[in-house]
Amino acid sequence: MDEAGEAPVMAYVRNAWYVAGWSHELEVEKPFAISILGERIVIWRTASGALHALEDRCVHRLAPLSLGRCEGERLRCMYHGLLFDADGQVVEIPGQAQIPPQARVRRYAVVDRHSWLWVWMGDVDAADERLIPPAVGLDHPDYILGHGHLDYAAEARLINDNLLDFSHLTFVHAESFGSGPQFAETPARITPLERGIRYERRTENAIGSASRRSPEPMDSFMSYDFLIPGILLMTGGVFPLGTAKACDYGQPELSQAVSGVTFTSQAVTPMRDKSARYFFSWGPHRSHGDEALRDVLMRMADQAFAEDKVMIEAQQRVIDDTEEVQVMPTVHDRGVTLFNRLVEKLARQESGAERAAA
Ligand code: FES
Ligand SMILES: [Fe+2]
């Protein structure tokens, strides 16, 4: 939300990769429907292993292609049988020889990476795979990860705001994560990145917290990048006393951690107006835990993410009932402000470029 306290404008970047689902949940030749930024999309995997994504709306009478049948690399609408190729062009109309050239639906670029299916919402020819954030996939050799997703009756932007300001941990997650007062009492270090922000928090000489019961003083470090369009990648751990100083308060080498190294990848996908899907994975580094710890963490995450959902959906209802939405940022909103400004800047550039092209 803007520092001037203006009502939030729900702008989203189109030239970005949005997570549409978990890769392993997409079965071969079983078309899957999802809305992203209010656009209906069908994604399917063919027997050859290729992934395709098209607008989920038949040109004939607007039946969803996600109810269709896969035929090789093609998809047939199962209402009256129009056949679409993977580019979205109609290649067959049963009983009709002529196919009008405008008989096509939009194609989307879709990529399977880091266990997620990523859809590029901008112009398909501009899709740039280098912009896929470096999430840690479920098959990563170093981490033992659990995963899940949660649907929200709230604007994705509100979930992004939540993930950009961890001062809420002290209050929303006191029970689940056992977060102490440090999150609310001391702002984290926030650094702007080209496509997001970096959040870093270190605690020197800390005696065991609720999440770390060792009585010996240690340094702890956590850091995440929050990247366009709404991807959180977080790691951290517990280090020998003096590590923070020794690395000049930069990022310590994770290999020096004595315990507690985990990784979480999270993705917020705006589906429709005021609905969003939140994908997450979390688990320990192999040297710092096992499947049992992963399960403990996932139970904790399920509880914590349900706590966020209660608060954010309630916040959405209040916003809906508010005629003139005004916010009043605090010191903890720096990451929120920087990220949302970046989103608005990129969205403005995109609409400017579109106007210029038109
Ligand atoms: S609606 Fe698709 S073929 Fe008629
Ligand atoms: Fe939270």
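Predicted model: local features only at pLDDT ≥ 70, side-chain atom pairs only at ≥ 80, totals over all residues.
1. The chain is divided into domain 1, which covers 17–121, and domain 2, which covers 146–344. As a guide to their placement, the C-alpha centres of domain 1 and domain 2 lie 35 Å apart.

2. The two domains touch, with 17 residues of domain 1 in contact with 16 residues of domain 2. The size of an interface is often given as the accessible area lost when the parts come together. For domain 1 and domain 2 the area buried between them is about 1,300 Å², and 66% of it is on carbon and sulfur atoms.

3. Helix 1 (residues 156–163) meets helix 6 (residues 334–357), their axes coming within 9 Å and crossing at roughly 140°, and helix 1 and helix 6 are therefore oblique to each other. The crossing is right-handed. On the helix 1 side the contact is made by Arg-157, Asn-160 and Asp-161, and on the helix 6 side by Val-336, Phe-339, Asn-340 and Glu-344; sorted by class, these are two nonpolar, two polar and three charged residues.

4. Helix 1 also crosses helix 5 (residues 291–320), where the axes come within 10 Å and the angle is roughly 130°, so that helix 1 and helix 5 are likewise oblique to each other. Helix 1 passes helix 5 in a right-handed crossing. Here Leu-158, Ile-159 and Asn-162 of helix 1 meet Asp-308, Ile-312, Gln-315, Gln-316 and Ile-319 of helix 5, a contact with four nonpolar, three polar and one charged residues.

Technical notes: Residues numbered from 1 in each chain as written. Chains lettered and ligands numbered in written order. Heavy atoms only, no water. Axes fitted to C-alpha atoms, helices over the stretch in contact; angles between N-to-C directions. Helix = DSSP H or I, 4+ residues; strand = E, 2+ residues; numbered from the N terminus. Parallel < 35°, antiparallel > 145°, perpendicular 65-115°, else oblique. Left-handed = near helix turned anticlockwise from the far one by under 90°. Contact = heavy atoms within 4.5 Å. Nonpolar A, V, L, I, M, F, W, Y, C, P; charged D, E, K, R; others polar. Domains from an automatic or database assignment. Buried area = accessible area lost by both parts, 1.4 Å probe.
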